[in-house]
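Reader: I am new to looking at proteins, so please go through this one with me slowly. I will ask things as they come to mind.

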Amino acid sequence: MKVTAATAGSMFYVSPGTTPVSVATALAYIGRFPKSKLLVTDTSENIAKNLDNLQKIANNVTTLTISDLGTPLSITANQLRKNASILGKLGSSNYDLHVRDVTAANAASVATNAHVKNITVTDTSAAIASA
């Protein structure tokens with residue numbers, strides 16, 4: 001019997017090496033090779049748009065790098081809270097977060113994050129006045 005092709009699916013560890021990949025590539029690659037480890041580099045806009053999906057593959061991402069460091073990562077308060085694992089992959093690099101949809105009650109705790117440079121509070125006037 002002659003074997004002309006064989007596939008192993010995701011039964012083994014596949015690594016694309018040390019070359020960074022975009023967010024779109026990472027998401028597609030992990031879908032096909034779920035045991036892979038990747039370096040992900042992309043713009044702050046692409047990272048912010050896909051932050052929830054990146055969180056799902058956080059265990060596969062070794063490093064997350066923002067390619068346009070001058071542009072802040074603009075995310076919601078909910079994304080900041082839910083996506084701590086993937087945001088931690090940014091390491092201690094010099095990046096800025098702009099966080100929107102923050103409640104008045106949570107504004108002070110969001111402000112304790114050293115990377116948060118801008119907070120947009122969205123709440124009732126009564127909640128803002130009492131905070």
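Reader: How many aromatic pairs does a search of the whole structure find?

Author: The search of the whole structure finds one aromatic pair, where rings of Phe, Tyr and Trp (its six-membered ring) pair if their centres lie within 6.5 Å. The pair consists of tyrosine 29 and phenylalanine 33, with ring centres 4.9 Å apart. This is a predicted model, in which local features need pLDDT of at least 70 and side-chain atom pairs count only at pLDDT 80 or more, while totals for chains, interfaces and linings use all residues. Residues are numbered from 1 along each chain as its sequence is written, and side-chain values use heavy atoms, with hydrogens and water left out.

Reader: And why is the pair called tilted?

Author: The planes of the two rings stand at 45°, so the pair counts as tilted; planes under 30 degrees apart would be stacked, over 60 edge-to-face, and the rest are tilted.

Reader: Is phenylalanine 33 buried or exposed?

Author: Phenylalanine 33 counts as buried because its relative accessibility is 18%. The word buried means under 20% relative accessible area, exposed means over 50%, and partly exposed lies in between, using a 1.4 Å probe and protein chains only.

Reader: Switching to charges, which side chains meet in a salt bridge?

Author: The side chains of glutamate 45 and lysine 49 do, at 3.4 Å from N to O, and this is the one salt bridge that a search of the whole structure finds. The term asks for a side-chain nitrogen of Lys or Arg within 4 Å of a carboxyl oxygen of Asp or Glu. Side chains of opposite charge can pair when their charged atoms come close.

Reader: How far apart in helix 2 are glutamate 45 and lysine 49?

Author: They are four residues apart in helix 2 (residues 44–49), and therefore separated by about one helical turn. Glutamate 45 counts as exposed, at 51% relative accessibility, and lysine 49 is exposed too, with a relative accessible area of 59%.

Reader: What does the secondary structure of the protein chain come to?

Author: It comes to seven helices and five strands, which follow the pattern α-β-α-α-β-β-α-α-β-α-β-α along the sequence. Helices (H or I, at least four residues) and strands (E, at least two) are DSSP runs, numbered from the N terminus.

Reader: In which order do the three strands of the open sheet come?

Author: The order is 3-4-5, with parallel pairing. The edge strands are strand 3 (73–76) and strand 5 (116–121), each of which pairs on one side only. From one strand to the next, the twist averages 20°, an angle taken between N-to-C directions on a scale from 0 to 180 degrees, with axes that are lines fitted to C-alpha atoms, for helices over the stretch in contact. Strand 4 is joined to strand 5 by four bridges, and valine 99 stands opposite isoleucine 119 in strand 5. Two strands pair if DSSP finds at least two bridges between them.

Reader: What about strand 1, and over how many bridges does it pair with strand 2?

Author: Strand 1 and strand 2 (residues 61–66) pair in the parallel sense over five bridges, and in strand 2 the bridge partner of valine 40 is leucine 64. Strand 1 (residues 38–42) has a covered face of Leu38, Val40 and Asp42, while Leu39 and Thr41 make up the uncovered one.

Reader: How many residues has the largest nonpolar core?

Author: It has 29 residues, and Val40 and Leu64 are among those with the most contacts inside it. Such a core is a set of buried Ala, Val, Leu, Ile, Met, Phe, Trp, Tyr and Cys residues joined through side-chain atoms within 4.5 Å. In soluble globular proteins, nonpolar side chains tend to be buried together.

Reader: What is leucine 64 in contact with?

Author: Leaving aside neighbours within four places in sequence, leucine 64 is in contact with Val40, Ile47, Leu54, Ile86, Lys89 and Leu90, where contact means heavy atoms within 4.5 Å.
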